[in-house]
Structure formats: C-alpha cells, structure tokens
Amino acid sequence: MPTRLLVKPTLPSILQDQCSVKLPGFELWMTYIENVTVIPTRIDLALFTAALSEALRIYPHAAGQLSRHGDDWEIALTNPAVPIEVSEVETTSVEVADPEWVIQQNLRRFLASNRPAGQSPVPEPELGARESRLLLLKVTIAREETAIGVSWHHTLGDAITLNRFMQCLSRCYQAEDIGDLVPTFAKRPFPSPTPDLVERYSVEMPHLLDTCPTSELAQRYADMKTNDVAPVQFKISNTQLQQLKEQAQAALSHTDAALSSQDVLTAYIISVLNRFLDSPITAINNAASYRDVPDVVYRSNVAGNAIYIIRTVLPNAELRIPEIALPVPHSISRWRSPTIVEEYMAVASSLMLSAVNHDCTWMFSAPPGLVSVKSNTSIDWRAAHFGHPLIVRFYTSGTNDRYVRVFRSNPARPRDRARQPDIGTNAAMTSEDSWDVFFAISRNIRRDVVDAIEADLCAPEFPYNLIPVASSDPPPASE
C-alpha cells in the first residue's frame, strides 16, 4: 500500500511579494503532462523531499491552486502542500514494460493515483486548501531502481518549463547550483483580436475551433484510439539522419533552403505513408515554440506556455523527400515574424479563453491528409538525472493517428539487448547516437509501413535508396 508525503515549499519563495500568477487565455491548456524518470538506484527520500521543497521555492506556482474569477484565471499562491505517493516494490527493477523505448503504452502505475479525474484540477472539498492539484508526484522504489512519476498541469507551463523544473529538482537533490534554471513569471499579454484578425487566423488553427464539452473529451479520444489504428515505432541513428539530411540538402542546392534534421525526418515519414495511404499527406502541423522570437516574450525562461501550431501545406502528394521538406523551413521562417506571432497568439488566446469559460476543450483530430509533429529533439529530458547522467532513463506515453513524436533514445541496458523490439532497426543504440520515433497509423497498412521503414533504413545503399544521387553529383564511394 503506497504511503503519502506532503511537501510544502520553502519560504519565502521568489514570488513572495505576489499572491497569484495571472493566466492569460493562451495558458489555459487544461490537461496534464505526465512523464516518468527512472534512476538506477534507490532514491534518498529525505533528500528528495528537501529538494522538492527547495524547487517549489523557485517554482512556487507549482504549489498553487487554479482559481477563476469571472472570466479571468490565475494560480493562487497559497502555498499548499504537494503530495507524493511512495510505493516500495520487491523487485530488482521498477519493471517498465518495454524499457528501451521512450513511449510506453501505459505508465499509470508509476503516476499519482489521486490525480483529478477531470482536466481542471479544482481543489476537492475534503482537501480544501491543504493540497495542490497542479503538481502530483509518485516515487516507486525497487531494490536497484527508482521511478519518479510527475503529473504536471499544463497551466504551469509547457514541456520546456517542466523540463527546467525537473532539472531544478535534480540539482537541488544533488546540492548543485541552479542559477540558470531560475524562471521569470512576467507574461506578455496579447491584445484582444479584431474581428478581421479572428477571421484571418482562425483557418490556421482548426485545432482550437474543433471544441467539445470537457466531459466528452476522454471518450472522444478513446474513440479515436480504437478507430482501427496501431502504433509504429522505430529508431534512426544520428549518422543515418545526418546522411539523409545531407543528401536532401544537396538535392536542393539550387534553393536557399536550410533543412533541419527534423524537417528531413518528417519528410521521410510522409514519403513512407504516402506509399500506402488512400488519402496522401498534403499538410503538416508542427508544434513549435516562440520563446526565442524577438519582442514576443519578455524573457525566454518564462514559466509558462509559449507554444503554437505552424501549418505547412504541401503543393502536391507526388513529391520526393527533399521537396516534401522544402516548404517546412519556409513556413517556420514566416511564422517566426514577431507581427505574425503576435496576431496569431491574440486570436489563439481569445479562442482558448472562450472555450474554457464555456466548459469546453479542443481536440487534436486527425483528418485525412494531415500529419501532426511534436518533436522533443531539442529537449534533453535526461538532463534531470539525479546524479546518474549516463544511465538515467525517461518515459512518457501517448500515440495517435498520424501524430509523430520524436525523442532522444534511452540508453540500452545489457539485459535489454536480448529483447526483440517490434522493429529491430538499431534497437541497442543509446541516446547519444539515435532517436526514437513514434506515431500510429491505420491497422490495415501498419505492417506495410513497418516493413518499408525496416527495409529503407537497413538498405546497404542508404540514403541513396531514398534520395538518388543527382547526375551532376559524384557517385557514392564503393565499399
């Protein structure tokens, strides 16, 4: 039976002169980010709770409570306790189901059991103001491993903010300096949009127009997941991705495009899907951050949500990998204009506030012809290592139809190498030299997609099997 600890923030916090953190509409992502970090030792609970208390001094809103006043929202800095569930198991490891892959089918047993059933963490009457519902932790301790499960309400901040909080917690646990992880809470407000702006930008954010009552959201996502789709996962090495990127860039030498590794990886996945889909992919939704767009946020270390969706329309479905990748950096460059970001976010913030105040939420559906991409390649989740930088492992969950997620691979443990993954491509690589890629696809083409990826990445002539050498290019050196 798990035990419960209650940890209050060390006072005074860095927001000692504030009683709340205001939440503009764009902060009202009424859901939880849930991750699990596994370290290869038994954690020192006394040190961990002391570290959490100190981390909450730096991120005091995580020990706050969500509050609504009329149409306005805030996190009240009432300094309630953050609950930690502690569970001890009599096994050597915590027994993650498929430890070499970042995304797991189900991590529920590593996460707090008392997470609010709904998306809005309203304080439960029996708890009153004693406990925060915005941050919940569970620690599972085995003989040689510890799993740290975190449920982080999205109003506290996006994945970058959560990663910085976890690094702060890790450094506090190790009694290390946290100087560069101290956040700011000064949020840039966006003005109310004009009707013209709403009309112009709404077409760019169908995910915010496709709303439903909050009470129906879980069932709608459950219906999506059972809609005859199945997961696909594969690893691609840094070397392979670099080779593919260089070949794609060479094929576009007549343009000024500068492709990223993610652009090329997305284009490759689309090229595979378009071999088998009845409705080929003609549009890409990229989840992106505007933290570093000049003049749009006060400081890039703001503890909040600085995310938006950049849509790229492909000219046609008969494109090769370089031509699929080409429009993406052009779209991203255009959508990093401060004026466009300001206008987009003014509309998005207004739509989000209206939906939440009408007890509605939005769905990220998967209409035919669309791929959505959420890459974590720029986030080093394993930087929160609690003293084990080379062998800490990171896990999360969640796959949906044509929703591409990319993470740095976990290190392979010797006992994991005997496992046979669903796709065996480079299964024993570590995070230093590979990426984990996940998405779901219609079950009736899933086997074709899996086989195609396996054949592509294992081909001896890779990457020329995917992007042939141009006639003006020198042929690849023979083995």
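This is a predicted model: local features need pLDDT of at least 70, side-chain atom pairs count only at pLDDT 80 or more; totals for chains, interfaces and linings use all residues.
Reader: What percentage of the residues is buried?
Author: Buried here means under 20% relative accessible area. The protein has 479 residues. Of these, the buried ones make up 55%.

Reader: Is helix H2 largely enclosed or left open, and how many of its residues are buried?
Author: Helix H2 covers residues 159-173. It is largely enclosed by the rest of the structure, because most of its 15 residues are buried. The count of buried residues is 14.

Reader: Which strands stand at the edges of the open sheet?
Author: The sheet has 6 strands in the order E11-E18-E17-E15-E12-E13, with mixed pairing. Each edge strand has a single partner, so one side of it is left without a neighbour in the sheet. The edge strands are E11 and E13.

Reader: Which residue of E18 is the bridge partner of Ser237?
Author: E11 and E18 run antiparallel, joined by 9 bridges. E18 spans residues 434-442. The partner of Ser237 is Ser434.

Reader: At what angle to E11 does helix H6 run?
Author: H6 takes up residues 238-251. This helix lies across E11 and E18. Its angle to E11 is about 90 degrees.

Methods. Residues are numbered from 1 along each chain as its sequence is written. Side-chain values use heavy atoms; hydrogens and water are left out. Buried means under 20% relative accessible area, exposed over 50%, partly exposed in between (1.4 Å probe, protein chains only). Helices (H or I, at least four residues) and strands (E, at least two) are DSSP runs, numbered from the N terminus. The expected span of a helix is 1.5 Å times one less than its number of residues. Two strands pair if DSSP finds at least two bridges between them. Contact means heavy atoms within 4.5 Å. Axes are lines fitted to C-alpha atoms, for helices over the stretch in contact, and angles run from 0 to 180 degrees between N-to-C directions.
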